[in-house]
Amino acid sequence: MKWGEFLLEIGCEDLPDWSGEYFRENWLPLLREELLKKRIPYQDLEFFSTGRRLAVICSHFGLEQEDVVEEVSGPPVSSGFNSDGTPTPVAIGFARAHGVKVEELIEKERKGRMVLVAVKRIGGQSARNLIVTVINQSLARLEIPRAMSWGKQEIRFIRPVRWVLLLLERKLVPGEILGVRTSRKTFGHRIRSPQAFMVSSLSDYLDKLKQSGVLLRLDSRKEAVVNSLQQKISKGSHFDQGQVEQVCRSVEFPLVTLGGIREEFRKLPPEVVGAVINKLRGIPIYQKGTYVNFGIVLEGIESEVIRQNYEKVLADRLDDATFFLAQDWKKPLLAFKEDLRRIVYHPRWGSLYDRVERFAAMAKVVVNKTFISEQEKEKLMVTINLCKNDLGTQMVTEFPSLQGIIGRIYASREGYPDEVSQAIEQHYWPRSAGDRIPAGFIGSLIAVIDRLEGLVCFFLDGGQISGAGDPFGLKRAANGLIDI
């Protein structure tokens, strides 16, 4: 088997920040499956993405299909050879039909009798003749959320495709992918080095991208942002590494500048300030539980004007958050339960209000079969009647990432026991694989009830889980049940 380099880059208009992870988890397995179907071997297939390119590279890629050994069963040995061992016309005809010599026929047992077997070796085609088909078939199988079409073509993709670079063992593989002819051409950073350049090999591609202001690896972009922030922030300040990664997915050459938070906004709940900054693609920086400033990741150019404009937009959004809090606090958290009636949960299963009522019914069944105190039962039912109420607030309507958190803040402000307020937030845990699980009994029980109710309703409605995706969050819910 001969091996060589493989390089594919799909250049697009600005990609959403979730697209890289989506393609890694959903398209890359499909590409591997198609390669397997075509018997094209590979080692260490790697995927990379930035704000405007999706790339697959492999330094050890098969240049041809693997050979196939096929065994074809034929007539019984007794009818293929005479007693003196000479072949009969039956054996000669069988061998000729399958392109082998008579002396190459072997004997094997099939269903209790010895038969003649022709062993055929089918040589593989060149991978160059197959790879465009493999890529197109893998992309055709991919379900793309909110796919776009452009021009007069019927092709749909995550964003309009502007170029496709495709090399195998340093040679251009001609063809058409997503309606675009393949070439050796790619582009540098759109601000620092916007010119097109030609690529001769995988190492040439990586070197020229770096020289042109593109950090292809997400880890490199994250490292650059983290190092820059650590040099700029004061001692004792911290920031969320997860938000750094989120911001870095959309850029190719990140540069960091710091912005300030006006003093009047520092009185807001820290979670609210953080959510506003996150929504504006900033990186909140906190000290002793209070956000003191934030980092802005700029795309390839430092700009004081951008920083000033960002601070102005942030102040406006924090003004909005202050107003939403004031409006929400005009009535108690319990009163928001009635607002859940207007939020549809499922066409068959009614509103969120109906769902919470099912939670309560399920909880009564559970507590009647467990040995918990009357005080704990009362806290459990109080928490159930509050756990989804923040979904009716203006704050969560505007900042969905704060669901559960706003409920905890409002409940704590109104004097509910800490166990109740914490359970309102924690019943959403774990939000993803490897996330925290609820710390207390009440939060854990409601988390279990929440997930069980969702799974049962889905399956009773005739739903099925298929494929690698999880569009309704059912796999996440089931895994969360196991973790809890």
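In the predicted model, Ile283 stands opposite Gly295 of strand β19. The two strands concerned are β18, residues 282–287, and β19, residues 290–299, which run antiparallel and are joined by six bridges. Both belong to an open sheet of four strands, arranged in the order β16-β18-β19-β17 with antiparallel pairing. The edge positions are taken by β16 (238–239) and β17 (254–260); each has a single partner strand, so one side of each is left without a neighbour in the sheet.

Two helices lie across this sheet. Helix α6, formed by residues 218–232, lies across β16, β17, β18 and β19. Its direction is at about 35° to β17. Helix α7, formed by residues 241–248, lies across β16, β18 and β19 and runs at about 165° to β18.

Another open sheet consists of three strands in the order β5-β7-β6, again with antiparallel pairing. Here β5 (68–76) and β6 (106–110) stand at the edges, and because each has a single partner strand, one side of each is left without a neighbour in the sheet. From one strand to the next, the twist averages 45°. The pairing of β6 with β7 (residues 113–122) is antiparallel and extends over five bridges. Within β7, Arg113 is the residue that stands opposite Arg110. Helix α3, residues 89–97, lies across β5 and β7, and its direction is at about 160° to β5.

Helix α11 spans residues 374–384, and its buried residues are Glu376, Lys377, Lys379, Leu380, Thr383 and Ile384. These residues cover an arc of only 165° around the helix axis, which puts them on the same side of α11. In general, an α-helix has 3.6 residues a turn, so residues three or four places apart point the same way. The face of α11 turned away from the buried side carries Glu374, Gln375 and Glu378, which are exposed. The cover over the buried residues of α11 includes three helices: α10 (352–367), α14 (418–426) and α15 (441–460).

The loop between α14 and α15 contains Pro430. The peptide bond leading from Trp429 to Pro430 is cis, with omega near -10°.

Arg53 is found in strand β4, which comprises residues 53–62. Its relative accessible area is 0%, and Arg53 is therefore buried, the cut-off being under 20%. With the side chain of Glu9 the contact is 3.2 Å, and with the side chain of Glu252 it is 2.7 Å. Arg53 and Thr186 are 133 residues apart in sequence, while their C-alpha atoms are 9.6 Å apart in space.

Pro347 lies in the loop between β20 (344–346) and β21 (350–351). With a relative accessible area of 81%, Pro347 is exposed, because the value is over 50%.

Arg146 is placed in the loop between α4 (131–141) and β8 (148–149). Its relative accessibility of 63% is over 50%, so Arg146 counts as exposed. Arg170 is found in the loop between β10 (161–168) and β11 (171–172). At 47% relative accessibility, Arg170 falls between the cut-offs of 20% and 50% and therefore counts as partly exposed.

Key:
Residues numbered from 1 in each chain as written. Predicted model: local features only at pLDDT ≥ 70, side-chain atom pairs only at ≥ 80, totals over all residues. Heavy atoms only, no water. Buried < 20%, exposed > 50% of the residue type's maximum accessible area, 1.4 Å probe, protein only. Polar contact = N/O pair within 3.5 Å; in protein donor to acceptor, adjacent residues only side chain to side chain. Arc of directions from axis to C-beta. Contact = heavy atoms within 4.5 Å. Pairing = 2+ DSSP bridges. Axes fitted to C-alpha atoms, helices over the stretch in contact; angles between N-to-C directions.
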